[in-house]
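Keep the viewer open as you read.

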Amino acid sequence: MEYVSTRGSAPVLDFEGATLAGLAADGGLYLPREWPRMTAAEIRELRGLSYAALAARIMQPFVAGSLSEDELGALCEAVYGDFGHAAVTPLVQMDETHWLLELFHGPTLAFKDVALQMLGALFETFLERSDARLTIVGATSGDTGSAAINAVAGRDRAEIFMLHPSGRVSEVQRRQMTTVLAPNVHNIAIDGSFDDAQRHVKRMFADPSINQPLNLGAVNSINWARLMAQVVYYFHSALQLGAPDRPVAYSVPTGNFGDVFAGYVAAQMGLPIERLIVATNVNDILHRALSEGDYSTGETTATITPSMDIQVSSNFERLLFDCGGRDGAAMAVQMAGFDEAHGMQLTNAQREGTAALFTSARADQDDTARALQWAYRNAGQVIDPHTGVGLHASLGALTAGQVVPGTPIVTLATAHPAKFRDAVERAVGVRPALPSRVGDLFGREEHYTELSGDYETSRDFVLQHASASAG
Ligand SMILES: *Cc1c(COP(=O)(O)O)cnc(C)c1O
C-alpha cells in the first residue's frame with residue numbers, strides 16, 4: 001500500500017516508511033492512497049474469528065509490501081494475546097438499543113493501549129530489519145504517556161523520553177508512567193504546563209543539535225499505524241451485532257479525532273456503519289465544525305474528561321482531505337489559513353461529505369454526570385466520565401433523529417472507571433477499584449526526573465541520557 005500526505009507535497013511512502021515517519025515532511029498526515037474495499041460476503045466470512053485473527057485480516061491490505069501475512073499474524077497474536085480480557089474488546093449490552101464497547105483492558109486501562117501496543121511491536125520489527133535505533137520523545141497530559149511507555153518498555157531498539165507537566169497529571173496517571181522501571185524509559189516532570197511540554201517536543205524535532213545525533217520518533221495519534229489498529233474493533237463489534245446484514249451506529253468520545261476517524265475508515269472499507277456520533281465535552285470545536293462548519297479554536301477549559309480537553313484535533317485534517325476530494329494543494333492552503341487565523345470554515349464539499357456519516361453532540365459536566373447515573377441505574381454499569389460523554393450523545397441520538405430506530409448504538413468505553421475514580425464517585429456514589437492486575441500501583445517504586453521549564457534543560461537531558469546517540 002502506498003501512503004500520501006494530506007498536503008500533497010511530501011514523498012509517497014510505503015507502510016514501513018509512514019509508520020516510522022509519523023508526521024509527513026510537508027506538515028501533513030499520511031493516508032493510504034485508496035481504501036481497501038470488502039464485499040458483504042467477505043465481511044460475513046470474518047464472523048467468529050478471534051480478535052487477533054480478525055486484526056490480521058483487517059490490517060493486511062494496509063501493510064502489504066511491508067509485512068508478510070505470517071509476520072503480521074505473529075505480531076497480532078503477540079500483541080492481542082496479552083490483554084486483560086480474552087475477548088480483547090468485549091461488548092456489553094445495556095438495554096435493547098445501547099451497548100458499551102470496552103476498550104480499556106490493556107495494560108494502562110485506556111483505549112490507547114489497543115493501538116500503541118501494536119505500534120511498539122511494529123517499531124521493533126522495522127528497526128530490527130534496518131538495524132536502526134529510535135529515540136521516542138513525547139509530551140503527555142495523562143493517558144498517552146503511560147500507554148506509549150508501556151508499549152516501548154523493555155524493547156531493544158527503542159527508548160522513550162516522556163515529558164509531563166509536574167503536578168498536573170492525576171496520581172494514577174503519573175504512577176502508571178513512573179513505576180515502569182525499564183532502563184529504556186525516562187520520565188521527565190517539567191515545571192510548566194502541558195503546552196510547554198508539547199512545545200519542547202516539537203522544538204526538538206526541528207533542532208539539529210538533537211535530531212541529528214539522535215533518530216527521533218513520535219508516538220502521537222497522527223501516526224497512521226495507530227488509526228489502522230483501531231479500525232479492528234469497529235469490525236469486531238459490528239460483526240457481533242449482525243453486520244454486514246445489519247447497520248450499527250457508534251458514539252465516540254472524541255479529542256484528537258483519531259478513534260472516530262478509525263470508524264470512518266471501517267465504513268470506507270465496507271462495514272455498514274449507519275452513523276458516527278462525535279461526542280465532545282465543552283471543548284467543542286468538533287461539534288461546532290460538524291454542525292455549523294465553523295472550525296475555530298477557543299480557550300481550552302479543564303474538565304472531568306481531561307483526555308478530551310483539546311482545541312485542535314489533528315486527525316480532523318484527514319477527514320477534510322478525504323471528504324473534500326483529496327486535493328493536497330488546496331488542503332495545504334486551507335491549513336495555512338487555519339494556522340494564521342486560529343480558525344477556518346469548512347468548504348461545501350467538506351460539509352456535505354462529513355454530513356453523510358457524522359453527527360455530533362456536546363456534553364457539559366452535568367450531562368456527563370447524568371449519563372454515568374443512567375448507566376449505573378439502568379444497566380448496573382459503572383463507567384468513566386469520557387465514556388459518559390459518549391453515552392450522553394448516544395442517549396440523545398434517537399430523540400434527535402440522528403439514528404434510525406432499531407439500530408444498535410455502541411458507545412466506545414475509552415477508559416476504565418478506576419482511572420477517574422473521584423469524578424465517578426461524585427456522580428454515582430461508588431468508588432471503582434483498580435483491576436487486580438494493576439492493583440499494587442500505589443505500592444510500587446516510582447522513578448522520574450524533575451526539570452525546570454526551559455527548553456535547553458529538557459533537550460540536554462535527552463542528549464545526555466539517550467543510549468542511541470551516534471556520537
Ligand atoms: C485519548 C482519549 C480520548 C480521545 O481519543 P481521540 O482519538 O484523541 O479522539 C477519549 N477518551 C480517553 C479516555 C482517551 O484517553
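**A helix and its surroundings**

Begin with helix α13, whose buried residues are Phe316, Glu317, Arg318, Leu319, Leu320, Phe321, Asp322 and Cys323. Bear in mind that you are looking at a predicted model.

Now move to helix α12, made up of residues 285-292, where you will find Arg288. Is Arg288 buried or exposed? Its relative accessibility is 18%, and because buried means under 20%, Arg288 counts as buried. Setting aside the neighbours within four places in sequence, the residues in contact with Arg288 are Gly293, Asp294, Ser296 and Gln311.

How does its radius of gyration fit a compact globule? For 471 residues, such a globule would have a value near 23 Å, and the chain's 21 Å agrees with that. Along the principal axes, the C-alpha atoms fill a box of roughly 65 × 50 × 50 Å. Burial can be read over the chain too: 59% of the 471 residues count as buried. The chain exposes about 17700 Å², with carbon and sulfur atoms supplying 48% of that area. As for contacts, take those between residues at least 6 apart in sequence: 75% of them join residues at least 24 apart.

Finally, turn to the ligand. There are 15 residues around it, and the closest are Lys112, Asp143, Gly255, Asn256 and Asp259. Sorted by class, this shell holds 5 nonpolar, 7 polar and 3 charged residues. Which atoms come up to the ligand's oxygen atoms? Lys112 places a polar side-chain atom 2.5 Å from a ligand oxygen atom, and Asp143 has a polar side-chain atom 2.8 Å from a ligand oxygen atom. For Asp259, a backbone N or O atom lies 2.9 Å from an oxygen atom of the ligand. Taken alone, the ligand exposes 380 Å², of which the protein buries 97%.

Terms used:
Residues are numbered from 1 along each chain as its sequence is written. This is a predicted model: local features need pLDDT of at least 70, side-chain atom pairs count only at pLDDT 80 or more; totals for chains, interfaces and linings use all residues. Side-chain values use heavy atoms; hydrogens and water are left out. Helices (H or I, at least four residues) and strands (E, at least two) are DSSP runs, numbered from the N terminus. Buried means under 20% relative accessible area, exposed over 50%, partly exposed in between (1.4 Å probe, protein chains only). Contact means heavy atoms within 4.5 Å. A residue is near a molecule or strand if one of its heavy atoms lies within 4 Å of it. A polar contact is a pair of N or O atoms within 3.5 Å; within protein, one must be able to donate a hydrogen and the other to accept it, and residues adjacent in sequence count only if both atoms are side-chain atoms. Accessible areas come from the Shrake-Rupley method with a 1.4 Å probe; for residues, only the protein chains shown count as cover. Ala, Val, Leu, Ile, Met, Phe, Trp, Tyr, Cys and Pro count as nonpolar, Asp, Glu, Lys and Arg as charged, and the others, Gly among them, as polar. The radius of gyration is taken over C-alpha atoms; the globule rule is 2.2 Å times the number of residues to the power 0.38.
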